[in-house]
Amino acid sequence: MASFLLRRRVSSSMGVSRTLHAGNMDPIWLHLELRIAALVTISRATRKYSSFVGTTKFDFTDLTHPHTWYPNARKKHRKVILHMGPTNSGKKYHALKQLESSSSGIYCGSLRLLAWEVANRLNKAKVPCDLITGQEREEVDGAEHKAVTVEMADVTSNYHCAVIDEIQMLGCRTRGFSFTRALLGISADELHLCGDAAAVPLIQEILKVTGDEIEVKYYERLSPLVPSKVPLGSFSHIQTGDCIVTFSRYEIYRLKKKIENEGKHLCSVVYGSLPPETRTRQETMFNDASSDYDVLVVSDPIGMGLNLNISRIIFSTMKKFDGIETQDLTISEIKQIADGLLNLPVGRVGQYGSKFPVGEVTCIDAEDLPLLHSSLKSPSPTLERAGLFPTFELMLMYSRVHQTNDLHQILEHFLDNAKLSEHYFIADCEGSLLLLLLMNCRSICMISTFSASVQLTWVIRFHLRVSHNLHEIMQTKA
């Protein structure tokens with residue numbers, strides 16, 4: 001439990017005052033915990049409306065106008081600039097330059113590692129920047145900028161400039177609602193959106209009702225990406241600069257061992273839950289031409305804009321477990337990984353350069369090559385709908401109408417009756433419903449009966465952390 005405690009950090013030259021580490025937890029579970037904690041505050045603040053809600057006929061399940069949930073953003077005439085194109089095209093670089101030159105701003109990243117990189121970049125440029133993720137919080141004296149994971153985006157403050165990275169993820173069935181919330185809710189004079197052009201029509205439709213000014217900029221890849229006609233086949237064919245992509249930590253270390261057993265190469269490893277400092281060391285060893293670590297083994301989330309000096313991407317498989325079943329990678333996933341990893345390092349003055357001017361992509365097995373080739377040639381499917389999830393206030397008021405303390409029942413009934421416009425879908429809530437069902441249990445012993453569905457150790461740890469908040473919710477609602 002020590003990893004969940006606040007710990008002090010010695011102030012740096014930029015004035016970092018404290019860090020909160022919450023261990024390595026899946027973003028969906030972590031975000032649900034944050035929802036529950038926030039629900040306590042909202043519950044207290046809205047008790048005065050309980051008598052009104054008891055008599056009103058207002059339809060709390062009407063989610064057809066989500067832009068009205070964010071009055072602070074609606075007060076602004078925002079200029080929304082869409083930077084669209086492949087990863088290695090300079091789109092994010094230009095957006096971040098605007099953020100760096102602004103008097104105040106926020107960067108919203110899809111990964112904690114990306115938020116960490118942006119915070120480091122701004123602080124090194126003498127632009128004080130806080131880092132806020134679900135796992136840590138680093139506050140810098142005098143900071144008017146924040147680098148956050150998108151789930152932690154603040155929609156109550158005002159900014160001169162905001163950047164939302166990987167905006168196409170608003171179509172993600174599990175995390176899409178967080179990107180939609182940031183898109184509709186961030187109150188900024190300038191809102192820069194970076195991502196795949198497949199998201200442009202949907203964003204334009206969503207923002208028709210907000211009154212925002214929209215500008216679209218398209219970018220082309222700055223270096224060629226060539227799919228190989230030949231698979232890797234044997235690991236004896238591994239070369240300096242190769243990067244093998246796989247989809248589990250177990251596979252990362254299995255492949256690392258297999259490659260190093262050939263005796264020709266040493267491998268650096270990078271995956272999403274590595275601490276940022278460790279990830280930086282691994283990346284530095286791989287990028288250093290004088291290092292013996294000349295091969296990289298990574299997990300797929302790393303394919304999102306990190307600066308790695310890679311010559312060839314090798315997919316270990318073209319299938320991935322999506323939480324329910326093992327399926328072929330989508331066109332978007334394949335292009336994101338290949339484009340994101342074959343990303344030319346950017347110098348301090350923004351000049352691009354690499355010792356590998358051409359990037360190659362292949363697979364270990366020949367049977368996977370047709371999917372790779374067809375995906376790289378095809379445009380990403382145009383997004384049709386964005387993820388959505390009801391606000392705390394709506395859920396709380398809805399629960400008062402139905403006068404129940406059963407959080408699982410509240411959410412389940414709400415989702416069954418929710419009304420949506422054609423541009424939105426309700427985010428996948430199976431995990432949230434299961435967790436709420438677990439938290440309705442009255443003892444840890446009862447939780448153990450669900451261990452087949454959820455890791456028991458995590459459930460016990462999570463239960464202990466939120467039980468106090470849950471008790472306050474019930475007391476307030478009683």
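S187 is buried, with a relative accessible area of 0%. Buried means under 20% relative accessible area, exposed over 50%, and partly exposed in between (1.4 Å probe, protein chains only).

Before I go on, this is a predicted model: local features need pLDDT of at least 70, side-chain atom pairs count only at pLDDT 80 or more, and totals for chains, interfaces and linings use all residues. Residues are numbered from 1 along each chain as its sequence is written, and side-chain values use heavy atoms, with hydrogens and water left out.

Back to S187. It sits in strand 9, residues 187-195. Strands (E, at least two residues) and helices (H or I, at least four) are DSSP runs, numbered from the N terminus. What does S187 touch? Leaving aside residues up to four places away in sequence, S187 touches N72, A73, K76, S157, N158 and Y159. Contact here means heavy atoms within 4.5 Å. The S187 side chain also reaches the backbone oxygen of N72, at 3.5 Å.

Six strands form an open sheet, in the order 11-18-15-12-14-13, with parallel pairing. Two strands pair if DSSP finds at least two bridges between them. Strand 11 (225-227) and strand 13 stand at the edges, each with a single partner strand, so one side of each has no neighbour in the sheet. Inside the sheet, four bridges join strand 12 to strand 15, residues 312-315. D242 has R312 of strand 15 as its bridge partner.

Helix 11 packs on this sheet, touching strand 11, strand 15 and strand 18 (359-363). Its direction makes about 140° with that of strand 18. Axes are lines fitted to C-alpha atoms, for helices over the stretch in contact, and angles run from 0 to 180 degrees between N-to-C directions.

Which residues of helix 11 (369-377) are buried? They are L369, L372, H373, S375 and L376. The arc is that of the directions from the helix axis to the C-beta atoms. P370 and K377 are exposed on the other side.

Helix 8, residues 249-261, buries I252, L255, K256 and I259. These fall within an arc of 105°, so they too line one face. Their cover includes strand 12 (242-246), strand 13 (266-270) and strand 14 (293-299). Turned away from that buried side are the exposed Y250, K257 and N261. Just after helix 8, G263 takes a positive phi of about 85°.

Last, helix 9 (276-287) lies across strand 12, strand 13 and strand 14. It runs at about 145° to strand 13.

Technical notes
A polar contact is a pair of N or O atoms within 3.5 Å; within protein, one must be able to donate a hydrogen and the other to accept it, and residues adjacent in sequence count only if both atoms are side-chain atoms.
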